[in-house]
Amino acid sequence: MSEKTRVRPVSRIFQLKQLKMANVIRYVCRRAAWRLPFVCNHSSSSACEMENPVQNQIENKLRAVIKPSHLEVVNESHKHNVPRGSETHFKVIIVADAFDGMPLIARHRLIMDLLKQELEGGVHALSIHAKTSQQWSSSGGIVPQSPPCLGGSKA
């Protein structure tokens with residue numbers, strides 16, 4: 001059988017299509033990163049770390065110490081008057097059993113202490129939604145949307 005007429009297994013063809021789609025998605029997201037919150041679905045974590053180092057640093061620190069059952073770190077910089085691709089405004093949604101019996105202010109202090117280096121660096125704003133598993137399930141997994149930016153112009 002010649003090279004041109006060789007039939008590839010269906011699973012390999014599917015993998016190639018997925019890979020091509022993933023590259024298209026990455027390209028589109030990079031081009032529109034200033035408009036979209038970043039969600040990493042890459043198979044390689046090193047690709048994400050290079051694209052969003054501050055966001056990944058925040059995620060890694062929180063995962064290592066608090067060991068959450070649910071964690072979302074959303075880069076909301078695109079909603080503010082900052083250059084494209086900035087990592088200055090974040091929303092953290094974290095659910096952990098470690099928060100049981102801990103007052104909300106203590107949860108926030110714990111997270112702020114863990115992220116002290118990032119807050120002293122380029123992170124300008126951090127919105128924290130720290131919940132216990134029970135609070136998370138009773139809220140239906142819903143957190144309030146961040147308010148619009150009121151400072152500066154988006155011009």
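The model is predicted. The chain holds six helices and three strands, arranged along the sequence as α-α-α-β-β-α-α-β-α. Of its 155 residues, 28% count as buried. Among contacts with a separation of 6 or more, 61% join residues 24 or more positions apart.

**Helix 3**

- Helix 3 comprises residues 53–66, and its 14 residues reach 20 Å from the first C-alpha to the last, close to the 20 Å expected at 1.5 Å a residue.
- The buried residues in helix 3 are Gln55, Asn56, Ile58, Glu59, Leu62 and Ile66. These residues cover an arc of only 160° around the axis, which means that they lie on the same side of helix 3.
- An α-helix has 3.6 residues a turn, so residues three or four places apart point the same way.
- Lys67 follows helix 3 and belongs to the loop between helix 3 and strand 1.

- Beyond its neighbours within four places in sequence, Gln57 is in contact with Gln117 and Glu118.
- The C-alpha atoms of Gln57 and Glu118 are 8.4 Å apart in space, although the two residues are 61 residues apart in sequence.

**Pairing of helix 3 and helix 4**

- The axes of helix 3 and helix 4 come within 10 Å and cross at roughly 125°.
- This angle lies between 115 and 145 degrees, so helix 3 and helix 4 are oblique to each other.
- The crossing of the two helices is right-handed.
- On the helix 3 side, the residues that meet helix 4 are Lys61, Leu62, Val65 and Ile66. Their counterparts in helix 4 are Leu110, Ile111 and Leu114.
- Leu62 and Ile66, which take part in this meeting of helices, are also among the buried residues of helix 3.

**Ile111 in helix 4**

- Ile111 lies in helix 4, which spans residues 104–114.
- With a relative accessibility of 0%, Ile111 falls under the 20% limit and therefore counts as buried.
- Leaving aside neighbours within four places in sequence, Ile111 is in contact with Leu62, Ile66, Ile94, Phe99, Leu126, Ile128 and Ala130. Of these partners, Leu62 and Ile66 are part of the helix 3 side of the pairing.
- Ile111 and Ile58 are 53 residues apart along the chain, and their C-alpha atoms are separated by 9.7 Å. Ile58 is another of the buried residues in helix 3.

**The loop between strand 1 and strand 2**

- Strand 1 covers residues 70–75 and strand 2 covers residues 89–95, with Thr88 in the loop between them.
- Thr88 counts as buried because its relative accessibility is 15%, under the 20% limit.
- Not counting residues up to four places away in sequence, Thr88 touches Ser77, Val82, Gly122, Val123, His124 and Ala125.
- Lys79 lies in the loop between strand 1 and strand 2 as well. Lys79 is partly exposed, with a relative accessible area of 35%.
- The C-alpha atoms of Lys79 and Pro148 are separated by 7.1 Å, and the two residues are 69 residues apart along the chain.

- Lys67 has a phi near 55°, a positive value in a residue other than glycine.
- Lys67 is exposed because its relative accessible area of 59% is over 50%.

Methods:
Residues numbered from 1 in each chain as written. Predicted model: local features only at pLDDT ≥ 70, side-chain atom pairs only at ≥ 80, totals over all residues. Heavy atoms only, no water. Helix = DSSP H or I, 4+ residues; strand = E, 2+ residues; numbered from the N terminus. Contact = heavy atoms within 4.5 Å. Expected span 1.5 Å × (residues − 1). Buried < 20%, exposed > 50% of the residue type's maximum accessible area, 1.4 Å probe, protein only. Arc of directions from axis to C-beta. Axes fitted to C-alpha atoms, helices over the stretch in contact; angles between N-to-C directions. Parallel < 35°, antiparallel > 145°, perpendicular 65-115°, else oblique. Left-handed = near helix turned anticlockwise from the far one by under 90°.
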